[in-house]
Every structure is written in C-alpha cells, then in structure tokens.
Amino acid sequence: MAITREKKQALLTEYLDKARRAQMIIITEHRGLTVKQAQELRRSLAPHQAAFHVVKNTLLRLALQELGRPVPDSLLEGPTAVSYCFGDIAAVAKAVDDFARASGVLQIRGGLLGSQVVDAEGVRALANLPPREVLLARVVGGIQAPLVGLVSVLGGVLRGLVNVLDARRRQLEEAAA
C-alpha cells in the first residue's frame, strides 16, 4: 500500500527531529517481531529516554543525509527498526541487546554514535559498559585518590612542624623554670 506524499513528508520530519536529538541510533532488523514484543521493547526503553520505531529505509536515509550524518547503506536494507537514544547510551544499548538475546527475533545490525558508524559488535560493547552512575563514581574516585594523597602529605608536614614548635615551646618553658 503506497503512502501519500504528505505522509512521507510527515515521517521525514519526524525522523529528522528524532535523529537530530538522539545521541545514538541503534539500527535493527525486526523481521518476525510481533506487536506484543515491540510493545514490550518500547516499555523497556521508556525509562532510559529512548524510543523504538519501525522506519522506512529511504526516508531514514534522506533524514540522515539532510543532517550531514553518515548513511550506512549496508545497515539500511530489509525491514528496519531503530532505537533512538536520548539519554544514557549504555543503558539503551544494554536494553536492546538483552531484548535481542531473549527474543531471538530482533537482530542488531549496528548504529550511529554521533557521526560515527558502529557495527553490531560495537553496540554490544556499549551494552557491556557499566551504568553511567558507576562510570561517574569511578571518575570521581580517580580524581579523589591523588587529592587525598596530597592532603595526607601536606597534613604530615604540618603535623611535623607543629610537633617541632611544641617541643621548642616545652624546651623554653623548662629553661625558664
């Protein structure tokens, strides 16, 4: 069934808007995916600020060209669905990867991370990253460790100076007594 030019323009506008806002676009093949499974995937992506949509390859290709992003022609063949990541990329990649493994139907083809094309293994590597909070905690810990060491060293120097001054004070008190 052919869609009208107006409907195509509306879809193109929607793809442009979502692709512009998305930090990553995960491209999948949805052949054999039931409506119930698609709804389940959408529900699992919702808490991560992500959306899952079946797309028309030609319109998605046009949207990516208009945004100046690379057009992965090998990824845009056959029945295509995309997950737009608006929040934590690792959490969305993990949710899509977990669903693909559990369902056995959804196939991850690859994706676009900014202006870089990522293959399926790259998406799986992102899925294996720890959550954002853990990564932030590691960064803060990495920054904090040298600072704690510096404070300890400086504190030791000051304690030594205070001990020397206190010993000298006692010495002067004893001499005066």
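Student: Which hand does the crossing of H2 and H4 have?

Tutor: Two packed helices are described by the angle between their axes and the distance between the axes. In this predicted model, H2 passes H4 in a right-handed crossing. The axes of H2, residues 35–45, and H4, residues 89–103, come within 10 Å and cross at roughly 155 degrees. An angle over 145 degrees counts as roughly antiparallel, and H2 and H4 are therefore roughly antiparallel to each other.

Student: Which residues of H2 and H4 make the contact?

Tutor: From H2 come Gln-37, Glu-40, Leu-41, Ser-44 and Leu-45, and from H4 come Val-92, Ala-95, Val-96, Phe-99 and Ser-103. Sorted by class, the contact of H2 with H4 has six nonpolar, three polar and one charged residues.

Student: How do H4 and H5 pack, and at what angle?

Tutor: H4 and H5 pack at an angle of about 115 degrees, with their axes 7 Å apart. That angle makes H4 roughly perpendicular to H5, and the crossing of H4 and H5 is left-handed. On the H4 side the contact is made by Ile-89, Ala-90, Ala-93, Lys-94, Asp-97 and Arg-101, and on the H5 side by Val-123, Arg-124, Leu-126 and Ala-127. By class, the residues of the contact of H4 with H5 divide into six nonpolar, no polar and four charged.

Student: And are H1 and H3 parallel, antiparallel, perpendicular or oblique to each other?

Tutor: H1, residues 5–21, packs against H3 at an angle of about 50 degrees, with the axes 9 Å apart. H1 and H3 are therefore oblique to each other, and the crossing of H1 and H3 is right-handed. H1 brings Lys-8, Leu-11, Leu-12, Tyr-15, Leu-16, Ala-19 and Arg-20 to the contact, while H3 brings Leu-59, Leu-60, Leu-62, Ala-63, Leu-64, Glu-66 and Leu-67. The contact of H1 with H3 has eleven nonpolar, no polar and three charged residues.

Student: Turning to the cores, which residues touch the most other members of the largest nonpolar core?

Tutor: In soluble globular proteins, nonpolar side chains tend to be buried together. Here the largest nonpolar core has 25 residues, of which Ile-26, Leu-45, Phe-52 and Leu-106 touch the most other members. The elements that give two or more residues to this core are strand S1 (24–29), H2, strand S2 (50–55), strand S3 (80–85), H4 and helix H5 (120–127). H4 gives the most to this core, with seven residues. Apart from this core lies another, of 18 residues, among them Tyr-15, Ile-27, Leu-59 and Ala-63.

Student: What does Ile-26 touch, once residues up to four places away in sequence are not counted?

Tutor: With those set aside, Ile-26 touches Ala-81, Val-82, Ser-83, Cys-85, Val-92, Ala-93, Val-96, Ile-108, Gly-110, Gly-111 and Val-123.

Student: Where is His-30 placed, and is His-30 buried or exposed?

Tutor: His-30 has its place in the loop between S1 and H2. The cut-off for buried is under 20% relative accessible area, so at 18% relative accessibility His-30 counts as buried. Beyond its neighbours within four places in sequence, His-30 is in contact with Val-54, Pro-79, Thr-80, Ala-81 and Leu-106.

Student: Is Gln-49 buried or exposed, and what is its phi?

Tutor: Gln-49 lies in the loop between H2 and S2 and is exposed, with a relative accessible area of 52%. Although Gln-49 is not a glycine, its phi is positive, at about 55 degrees.

Student: Finally, where is Gly-68 found, and how many residues separate Gly-68 and Ser-115 along the chain?

Tutor: Gly-68 is found in the loop between helix H3 (57–67) and S3, and it is exposed, with a relative accessible area of 61%. Gly-68 and Ser-115 are 47 residues apart along the chain, and their C-alpha atoms are separated by 8.3 Å.

Notes: Residues numbered from 1 in each chain as written. Predicted model: local features only at pLDDT ≥ 70, side-chain atom pairs only at ≥ 80, totals over all residues. Heavy atoms only, no water. Axes fitted to C-alpha atoms, helices over the stretch in contact; angles between N-to-C directions. Helix = DSSP H or I, 4+ residues; strand = E, 2+ residues; numbered from the N terminus. Parallel < 35°, antiparallel > 145°, perpendicular 65-115°, else oblique. Left-handed = near helix turned anticlockwise from the far one by under 90°. Contact = heavy atoms within 4.5 Å. Nonpolar A, V, L, I, M, F, W, Y, C, P; charged D, E, K, R; others polar. Core = buried A, V, L, I, M, F, W, Y, C linked by side-chain atoms within 4.5 Å. Buried < 20%, exposed > 50% of the residue type's maximum accessible area, 1.4 Å probe, protein only.
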